[in-house]
Amino acid sequence: MWEMILVGIVALAAGVALGFFIARKTMMNYLKKNPPINEQMIRMMMMQMGITPSQKKINQMMKAMNNQLK
């Protein structure tokens, strides 16, 4: 009786852990292929804040966002 309960709990824990890592990997791959923000969005955001966007600043922001995904 106790063995069945223990096996069930271990199987549940293993399933939750495996599901978490698969979902995380899938989400990271999706975000790499489809970034939530692009250079045009950054340029518009900076213009709305009153900052003149240079390509160097935009590249720095894109690099920072890409580093967060890693």
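**View 1. Surroundings of I51.** Setting aside neighbours within four places in sequence, I51 is in contact (heavy atoms within 4.5 Å) with M46 and K57. I51 sits in the loop between α2 and α3; helices here are DSSP runs of H or I with at least four residues, numbered from the N terminus. I51 counts as partly exposed because its relative accessibility is 33%; buried means under 20% relative accessible area, exposed over 50%, and partly exposed in between (1.4 Å probe, protein chains only). This is a predicted model, in which local features need pLDDT of at least 70 and side-chain atom pairs count only at pLDDT 80 or more, while totals for chains, interfaces and linings use all residues. Residues are numbered from 1 along each chain as its sequence is written, and side-chain values use heavy atoms, without hydrogens and water.

**View 2. The largest nonpolar core.** I37, I42, M46, I58 and M62 make up this five-residue core, a set of buried Ala, Val, Leu, Ile, Met, Phe, Trp, Tyr and Cys residues joined through side-chain atoms within 4.5 Å. At least two of its residues come from each of α2 (39-48) and α3 (55-69). Beyond its neighbours within four places in sequence, I58 is in contact with E39, I42, R43, M46 and P53.

**View 3. W2 in helix α1.** W2 counts as exposed because its relative accessibility is 70%.

**View 4. Confidence along the chain.** The average pLDDT, the predictor's confidence in each residue from 0 to 100, is 90 for the chain, and 97% of the residues score at least 70. Confidence is highest in helix α1 (residues 2-33), at a mean of 94, and lowest in α3, at 86.
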